[in-house]
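Me: I am new to this structure and should like to be guided through it by questions and answers. Please take the topics one at a time.

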Amino acid sequence: MSKLGTVFSEGIIAFIATNIDDIIILLIFFSQVNVNFRRRHILLGQYLGFAAIIIASLPGFFGGLVIDRKWIGLLGLLPIAIGLQQLVFRKEETITVQTVSSDFRQSTPTNPVLSFILSILQPQTYKVAAVTIANGGDNISIYIPLFAGHDLASLGVILSIFFIMVGVWCAIAYFLSRQPTIADVLSRYGQAVVPFVLIGLGLFIMYERGTFTLLPWMRN
């Protein structure tokens, strides 16, 4: 196999192996799409979060920074905070959506470029990005040595594959969320389950990375 083919295969395998669990999170996000939470928020948030993971992993390419898994696990606090926020303010958010939905619909800009820019600036996008970063925190420990083993051209190929696969992942999750059986289950129970999924995800991230051993009473 040629060097390009090897790099291509390595990029595909690395992405799938490190992002297979993202499908579930994306399914939950797509099940919550409404007048205030759009598909573009999910797509942009996913790309922003993944870009942050890539940037944090780039020191591996330069042979520099090595990040301890225990500290990476602190990223699990992000989905926990978002989940707790949704539990506490769920009723208020529901009322807010009902009262401003018509105004929101009327004020949405028709210019696609302006709409795109405003989507990047909206908090819904950053919530998705925060969960993406937290859920992909462990990717950093994999991408650092992966990037360190390649030259600049190979790194460019891998990064291209990664960013293409982010779009493919979103498309797969959206397609699955549109299936009648899956969509019905998610529409019935998705909103109620989401906060607990996010909290559980954060706790799992911290547990799996050994973050709890940073606590003095957990070291022995």
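Me: In which helix does V7 lie?
Reply: Residues are numbered from 1 along each chain as its sequence is written, and side-chain values use heavy atoms, with hydrogens and water left out. This is a predicted model, in which local features need pLDDT of at least 70 and side-chain atom pairs count only at pLDDT 80 or more, while totals for chains, interfaces and linings use all residues. Helices are DSSP runs of H or I with at least four residues, strands are runs of E with at least two, and both are numbered from the N terminus. V7 belongs to the helix of residues 3–19, namely α1.

Me: Is V7 buried or exposed?
Reply: A residue is buried under 20% relative accessible area, exposed over 50% and partly exposed in between, with a 1.4 Å probe and protein chains only. The relative accessibility of V7 is 4%, and therefore V7 counts as buried.

Me: Which residues does V7 touch, not counting residues up to four places away in sequence?
Reply: A contact means heavy atoms within 4.5 Å. V7 and A153 are 146 residues apart in sequence, with 9.9 Å between their C-alpha atoms. With residues up to four places away not counted, V7 touches H150, S154, V157, I158 and I161.

Me: With which residues is I161 in contact, leaving aside neighbours within four places in sequence?
Reply: I161 lies in helix α10, and its relative accessibility of 6% is why it counts as buried. The C-alpha atoms of I161 and I12 are separated by 6.8 Å, although the two residues are 149 apart along the chain. Leaving aside neighbours within four places in sequence, I161 is in contact with V7, F8, G11 and I12.

Me: How many helices does the chain have?
Reply: Read along the sequence, the pattern is α-α-α-α-α-α-α-α-α-α-α. The secondary structure has zero strands, and its helices number 11.

Me: What percentage of the residues in the chain are buried?
Reply: Helix α2, residues 22–31, is mostly covered, with eight of its 10 residues buried. Among the buried residues of α2 are D22, I23, F29 and F30. Over the 220 residues of the chain, the buried share is 40%.

Me: What kind of aromatic pair do F15 and W169 form?
Reply: Rings of Phe, Tyr and Trp (its six-membered ring) pair if their centres lie within 6.5 Å; planes under 30 degrees apart count as stacked, over 60 as edge-to-face and the rest as tilted. By this rule there are 10 aromatic pairs. In the pair of F15 and W169, the centres are 5.4 Å apart and the planes stand at 85 degrees, which is edge-to-face.

Me: Which residues does S57 touch, not counting residues up to four places away in sequence?
Reply: S57 lies in helix α3, residues 39–57. S57 is buried because its relative accessible area is 0%. Not counting residues up to four places away in sequence, S57 touches I140, Y143, I144 and F147.

Me: Is I80 buried or exposed?
Reply: I80 is found in helix α5. Leaving aside neighbours within four places in sequence, I80 is in contact with L198, I199, G202, L203 and M206. With a relative accessible area of 13%, I80 is therefore buried.

Me: Is V88 buried or exposed?
Reply: V88 also lies in helix α5. The relative accessible area of V88 is 60%, so V88 is exposed.

Me: Over which residues is the pLDDT below 50?
Reply: The pLDDT is the predictor's confidence in each residue, from 0 to 100. The chain averages a pLDDT of 75, and 73% of the residues score at least 70. One stretch, with 13 contacts in the model beyond near neighbours in sequence, has a pLDDT below 50: residues 92–109. Where pLDDT is low, the predicted coordinates should not be read in detail.
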